[in-house]
Amino acid sequence: MSGWPRPDEPSGDITLVLDQRSTLDPKADLRDGLSAVARQGPHLWVANDETTSLERLTLEDGDQARAHRSFDLTQVLELPGDKGELDIEGLDVERDTLWLVGSHSSARKQVKNNSTPAEAQRSLATVEVSQRRRVLARLSTKTLLDPDEVLLDPGGSPMGQQQRPAVLGLGRGADLVDLLADDPHLGSFIQSSKTGRPIPGKDNGIDCEGLAVAGDRVFIGLRGPVLRGWAMLIELQVGDGAGLEPQPIGPGNRRYRKHFLRLHGLGVRDLCRHGEDLLVLAGPTMELDGRAAVFRWRDALTSQAEAVLPKDDLQCEFDVPFGEGEDHAEGIAVLDDGRSALVLYGSPAGKRKTGRHGIKADIFRLSK
């Protein structure tokens with residue numbers, strides 16, 4: 001911790017009670033792998049990155065979120081691949097529209113505790129690519145809650161395309177990774193010119209871990225790569241069609257913008273709107289214990305150009321606690337009062353767990 005600011009003390013906490021089971025492993029405890037959170041009025045939407053579902057909880061008096069409902073996205077979205085987790089790492093809700101993003105990362109195989117040296121080397125040489133992780137989607141929370149409901153516009157006619165589930169489409173099955181494959185900053189992380197294999201997310205490769213949406217603007221935060229200490233956000237502008245086709249918004253009619261943020265060497269772990277600003281939850285890009293903090297990018301939602309923001313242009317709102325091998329900050333959501341934010345942790349410490357299904361998230365005060 002030498003040279004790092006001390007973590008700030010939370011002003012309170014909220015206990016999330018997740019009393020349903022994983023869609024992929026009935027024995028798994030959903031509270032152990034929470035990876036994203038978004039608030040919709042009195043509700044919290046959360047995701048576990050090792051499932052195919054979204055979870056909705058209702059905020060109650062007494063600092064609890066209960067009434068857990070689980071929604072299996074394989075029953076709602078046309079997803080790439082045929083099995084495995086979605087690795088959802090970012091959520092946002094705007095009115096009745098819910099957005100989600102998968103990590104889009106490849107993964108190096110983990111070494112098991114009882115592996116022989118030869119087995120360990122084989123594992124570390126194995127890089128797996130899952131199409132299931134490469135999803136950016138938009139869906140109506142009303143139709144998610146009631147699939148048989150027919151939504152009407154103010155004139156009494158059925159709602160249009162924007163209310164139907166939509167997955168990012170670039171034509172011929174291409175996705176966000178394909179869009180970025182020739183980028184001068186990101187292309188070499190997506191596919192090595194020598195081996196043809198991508199750099200895994202936890203090796204500072206492509207790893208989407210934050211999402212914030214304002215109208216037709218979609219901001220995606222990258223945990224990796226971090227380039228010489230600079231973190232990156234990708235911005236898309238999408239239409240209301242079923243394919244979420246990105247529009248030309250960058251230099252030279254590029255279909256995305258790039259924003260570079262100097263986050264003290266950290267990567268983006270989540271994004272959240274606060275007025276016209278973006279709150280950026282930052283943490284280590286690789287599998288390390290280390291500083292986590294929330295920074296404010298002022299007027300991000302009114303900017304119409306690519307940004308390069310040095311340290312002095314990013315206000316640190318607060319530093320977040322972290323543990324050794326546990327309590328890694330994964331998600332942030334502004335609460336109803338607009339003056340405080342909830343921070344959610346992955347690999348939670350035992351002291352955060354309450355009862356059979358509860359997990360405590362911290363509350364921190366925000367500046368004006």
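These legends walk through an overall view and several close-ups of one predicted model.

The model is predicted, so local features are described only where pLDDT is at least 70 and side-chain atom pairs only at pLDDT 80 or more, while totals for chains, interfaces and linings use all residues. Residues are numbered from 1 along each chain as its sequence is written, and side-chain values rest on heavy atoms, with hydrogens and water left out.

View 1. Helices (H or I, at least four residues) and strands (E, at least two) are DSSP runs, numbered from the N terminus. The C-alpha trace spans about 65 × 50 × 45 Å along its principal axes. Of the 368 residues, 52% count as buried, meaning under 20% relative accessible area (1.4 Å probe, protein chains only), with exposed over 50% and partly exposed in between.

**View 2. Trp45 and Phe71 form a tilted ring pair.** This is one of three aromatic pairs in the structure. Rings of Phe, Tyr and Trp (its six-membered ring) pair if their centres lie within 6.5 Å; planes under 30 degrees apart count as stacked, over 60 as edge-to-face and the rest as tilted. Here the centres are 5.5 Å apart and the planes stand at 40°. Look for Trp45 in strand β3 (residues 43-48) and Phe71 in strand β5 (residues 64-72); the pair ties together parts that are 26 residues apart in sequence. Both Trp45 and Phe71 are buried.

View 3. Phe219 counts as buried at 0% relative accessibility, and Trp297 counts as buried at 4%.

**View 4. Arg133 sits in the loop between β9 (127-128) and β10 (136-140).** Although in a loop, Arg133 counts as buried, at 15% relative accessibility. Leaving aside neighbours within four places in sequence, Arg133 is in contact (heavy atoms within 4.5 Å) with Glu85, Leu86, Asp87, Gly102, Ser103, His104, Ser105 and Ala107.
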